[in-house]
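Dear colleague,

A short account of the findings comes after it.

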Amino acid sequence: MKITKISYERLDLKLSEPYTIAYETISKSTNFILKIETDSTIVGYGCGAPDKAVTGEHPVEVEEAIKEVILPYLIGKNPFTYALILKELKTYLGKKSSALAMVDMALHDLISKKADVPLYQFLGGYRTSIATSITIGILPVNETLRQADEFVRQGFSIVKVKGGHSLLEDIEKMTRLHERHPHLALRFDGNQGYSVIDSVAFVRATAHIGIEIFEQPTKLEKEERLGQVTDQVAIPVMADESIKTLRDVFRLAQNERIDMVNIKLMKVGGILEGMHINSVAKAAGLESMIGCNDECALGISAGLHFALSRPNIHFADLDGHLDVVDDPFKGIFRLEKGVLYPTGASGLGEVKIG
């Protein structure tokens with residue numbers, strides 16, 4: 001099988017509800033859709049979702065990389081040599097991780113379609129579904145409670161709350177959420193907004209709630225502070241922004257600075273690199289969660305199939321598509337009462353666009 005044609009489309013996606021995290025407010029997202037055609041009837045699709053704060057890329061940079069590097073490089077390649085392709089492209093693309101992830105997804109889509117199995121089965125097929133959290137951005141307490149009520153009504157059993165602006169307000173939100181929905185699993189993401197002292201104070205003040213995960217409370221540039229938090233609290237501390245490469249997870253694990261890792265395919269460069277990061281985490285006794293950027297359902301599908309394939313991935317935060325207006329990939333997987341299921345179609349799922 002040889003690659004004969006490559007094309008792409010830029011999607012400037014609006015979000016139905018803008019949301020705020022510790023360092024920015026987000027109302028839109030740019031996704032790139034890569035289409036790879038072959039000398040057979042098989043076509044592969046990949047998604048790139050650049051985010052300057054998370055992946056370090058601007059959409060203009062990614063579009064230039066697609067035109068100048070990715071399109072000419074891929075012509076004539078055999079998709080089954082994906083390890084070589086991705087290694088060479090990583091050298092050419094540098095730190096453009098979402099651009100690399102887009103190619104990685106499309107290649108995995110192609111080869112699992114050639115095998116005529118869903119991608120999660122091609123990768124290992126460890127489970128057939130996974131519950132996802134749904135995220136509430138930084139909002140006033142009453143609005144946070146209102147959104148949680150709606151998510152519970154929709155059937156979600158896990159809510160992740162963004163914080164980092166106000167310690168006292170964050171404590172109040174989590175306390176009142178637990179009082180209102182005592183059976184709801186709660187996760188908290190500080191998005192680098194806390195000091196070590198505030199992080200420890202937050203955990204102690206919310207100890208009775210049983211918060212499931214404490215995500216990236218301190219700044220990525222000061223990763224020793226993340227370790228100081230981990231040493232002083234009793235709930236799992238997870239690195240997100242601090243992990244972008246295989247070297248990052250090795251260093252953090254070696255220095256025992258975290259309990260968990262958040263693997264976002266856009267941030268690390270795709271499924272192949274994500275598997276390496278997950279293996280290091282497993283060797284270090286760390287659990288993994290698969291997260292996401294603001295992505296259309298195609299990108300989320302790749303995260304879902306990856307999460308379903310590996311035994312060390314116990315958690316998912318794959319809700320980035322839910323606020324996307326006019327998502328062209330709706331139906332590529334199923335979401336029922338907060339649980340994600342693949343459709344059974346080969347590859348990443350059935351793509352219905354041209």
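Predicted model: local features only at pLDDT ≥ 70, side-chain atom pairs only at ≥ 80, totals over all residues.

Residues are numbered from 1 along each chain as its sequence is written, and side-chain values use heavy atoms, with hydrogens and water left out.

The largest pocket has a volume of about 710 Å³. A pocket here is an open set of points on a 1 Å grid over the protein atoms alone, where a 1.4 Å probe fits, with protein on both sides within 12 Å along at least five of seven lines; lining residues have an atom within 4 Å of a point. Of its 36 lining residues, Y19, T135, D294, D319 and D323 are the closest to the centre. Because domain 1 (3-116) and domain 2 (121-342) both contribute to the lining, the pocket lies between them; the domain bounds come from an automatic or database assignment.

The whole structure holds 8 aromatic pairs (ring centres within 6.5 Å; planes under 30 degrees apart are stacked, over 60 edge-to-face, the rest tilted). Y73 and Y92 pair edge-to-face, at 5.7 Å centre to centre and 70° between the planes. The charged end of K77 also sits over the ring of Y73, 4.0 Å from its centre (NZ of Lys or CZ of Arg within 6 Å of the ring centre and within 35 degrees of the ring normal). F188 and Y194 are stacked, at 6.0 Å and 25°, and ring pairs link F188, Y194, F202 and F214 into a cluster.

Yours sincerely

Technical notes
Points joined across faces, edges and corners; volume = space filled by probe spheres on them.
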